[in-house]
Amino acid sequence: MAHQFRNDFEALRAELDGIALEDNPALVKQKSRDFFWYSPVLKAQLDHVTADLVATPKDEAEVIRILKAAFKHDVPVTPRGTGTGNYGQAMPLSGGLILNLAEMNKVKAIHPGRVIAEPGAVIAQLDAETKAHSGQELRLHPSTAKTATIGGFIAGGSGGVGSIRWGGLRDIGNVLRLRVVTMEAEPRILELTGWELHKVMHAYGTNGIITEVEMPLTTAYDWVDVLVGFDDYMDAVRYADSVGNSDGLLIKELATVAAPIPYDYFLRHQKFLKPGQSLAIVTVAAHAVDAFLALTSRSKGEVVFRSDTAEDLKGIPPNYELGWNHTTLRAIRVDPSITYLQSMYPPPHHIEKIETLTKLFGDEVPGHLEFVRFDGKITPMGLPMVRYTTEERLEEIIRIHEEHGCPIFNPHRYTLEEGGMKQTDLAQLAFKREADPNGLLNPGKMIAWEDPDFDFTSTKTFLFPGIRAVG
């Protein structure tokens, strides 16, 4: 049974006097949404979801006031950065209050090798400040860096641009410290480091509110974007695999995208491309370009674009905005019927797996790989597009991937478990019991809390009973 929240909003408002509140239904709904509509399944399930009220704290003290009052009056709270997630992570399934952290956006301190910031700091702006201050930049960022917040990235993301060198957020050392406020009658402030960070990282804000982050920095290099064209997609895949495993090359982004995606959907780059051409998308340090080109000359590829030699870059987005889920976004803008999957092709037989599935699905599932360092090994993570027909066929495509040893991290599910490893994260569950005893933080996203007896081996899908229509 879903918890029936009392939602005493009038009493809540009275206690939050002086804190910025918004109850205009249109504005509240706007702050209640993310990019869930990438998935036709989630669009059908979540399109009506909205909160009742938005609170925008300006500092940690106001966060504590809001959580204390919401706890007292049994109002669920869903934290939000700028809503660039794709799985409904920041959508309030039980209504209640959106905790909008976008105004807590200060970069508080920059030191050699690390930066301290508030959770609402936009990643591109944070990077700009660290570069200007000391020639440093973040190790990792999502393709949505221009709009995504650092707190939202940690709470909802897993990796991104830079993962080819540094791995993912889950890798120890890629987040240094988090300051977290609990959801209790008397909220506590906790400082998490080391393995304790995994309690709240990629937990969708279900078990604590991040109010400060400390992230490692690396040297900010001059980066060059390169597109390498291939007549055959598997040639692009093999080439990217060799680039990723060339330890002497300094690479920040490495992806492959199968034809016809590039020419059909990368409209701003279309003048550089040919119909039927697959691409390797690479971002390489300027000092490594000659070595990179020497390696590329051995392939069957054609360098079709270089940001350091192009005559006119006006309107041309950076390479990372062709990769990750920007690839999907560019396709959806042209063909709204397209959706995507998230897959993994474990080494050492990853090339064979990719080739088998590419032949099996053809143009129904055009390939898109992001090469990352996973547990120390260069690993292709898939974001293949799907030409969507029915939910049944989508489930069949997922099943076929998994039968071929390629796990799917399902972007058509809004829960932590179904979108991840299909099992309970016991550390996150234990921390929720401690930090959110009444289950008020982002309810409906952690199956282990809502339905401890849920059978992950069955074919049934968890659907939170607290989802309710407006009005």
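1. Trp-324 is buried at 15% relative accessibility, where buried means under 20% relative accessible area, exposed over 50%, and partly exposed in between, with a 1.4 Å probe and protein chains only. The place of Trp-324 is in helix H11, residues 324-334; helices (H or I, at least four residues) and strands (E, at least two) are DSSP runs numbered from the N terminus. Its phi is near 50 degrees, a positive value in a residue other than glycine.

2. On the basis of the note: this is a predicted model, in which local features need pLDDT of at least 70 and side-chain atom pairs count only at pLDDT 80 or more, whereas totals for chains, interfaces and linings use all residues. Residues are numbered from 1 along each chain as its sequence is written, and side-chain values use heavy atoms, with hydrogens and water left out.

3. Asp-74 also has a positive phi in a residue other than glycine, near 55 degrees. Asp-74 is found in the loop between helix H4 (60-72) and strand E3 (77-80), and at 7% relative accessibility it counts as buried.

4. Two cis peptide bonds deserve attention. One joins Ala-259 and Pro-260, with omega about 10 degrees; Pro-260 is placed in the loop between strand E12 (251-257) and helix H9 (261-265). Another runs from Pro-347 to Pro-348, with omega near 15 degrees, and Pro-348 belongs to the loop between strand E16 (343-344) and helix H12 (350-361).

5. Glu-184 is an acidic residue in the loop between strand E8 (177-181) and strand E9 (189-193). With a relative accessibility of 16%, Glu-184 counts as buried. Its side chain is joined to that of Thr-182 by a polar contact of 2.6 Å; such a contact is a pair of N or O atoms within 3.5 Å, where within protein one must be able to donate a hydrogen and the other to accept it, and residues adjacent in sequence count only if both atoms are side-chain atoms. Not counting residues up to four places away in sequence, Glu-184 touches Leu-67, Lys-68, Phe-71, Glu-434, Ala-435 and Pro-437, contact meaning heavy atoms within 4.5 Å.

6. Ala-435, touched by Glu-184, is one of the buried residues of helix H14 (residues 426-435), together with Gln-428, Leu-429, Phe-431 and Lys-432. Seen down the axis of H14, these buried residues fall within an arc of 165 degrees, so they line one face of the helix; the arc is that of the directions from the helix axis to the C-beta atoms. Leu-426 and Arg-433, on the other side of H14, are exposed. The cover over the buried residues includes E9 and helix H15 (447-450). At the start of H14, a side-chain oxygen of Asp-425 reaches to within 3.1 Å of the backbone nitrogen of Ala-427.

7. The charged end of Lys-432 sits over the ring of Trp-449, 5.3 Å from its centre. The criterion is NZ of Lys or CZ of Arg within 6 Å of the ring centre and within 35 degrees of the ring normal.

8. A search of the whole structure finds nine aromatic pairs. Rings of Phe, Tyr and Trp (its six-membered ring) pair if their centres lie within 6.5 Å, and planes under 30 degrees apart count as stacked, over 60 as edge-to-face and the rest as tilted. The Phe-35 and Trp-37 rings have centres 5.4 Å apart and planes at 40 degrees, so this pair is tilted. Phe-35 is partly exposed at 26% relative accessibility, and Trp-37 is partly exposed at 33%. For Phe-454 and Phe-462, the centres are 5.9 Å apart and the planes at 85 degrees, so the pair is edge-to-face. Phe-454 is buried at 10%, as is Phe-462 at 7%. Ring pairs also link Phe-35, Trp-37, Tyr-38 and Tyr-340 into a cluster.

9. The largest nonpolar core has 75 residues, of which Ile-150, Ile-154, Leu-178, Met-215 and Phe-266 touch the most other members. A nonpolar core is a set of buried Ala, Val, Leu, Ile, Met, Phe, Trp, Tyr and Cys residues joined through side-chain atoms within 4.5 Å. Leaving aside neighbours within four places in sequence, the contacts of Ile-154 include Leu-169, Val-175, Leu-178, Met-201 and Met-215. Apart from this core lies another, of 40 residues, among them Ala-258, Ala-288, Ile-351 and Val-365.
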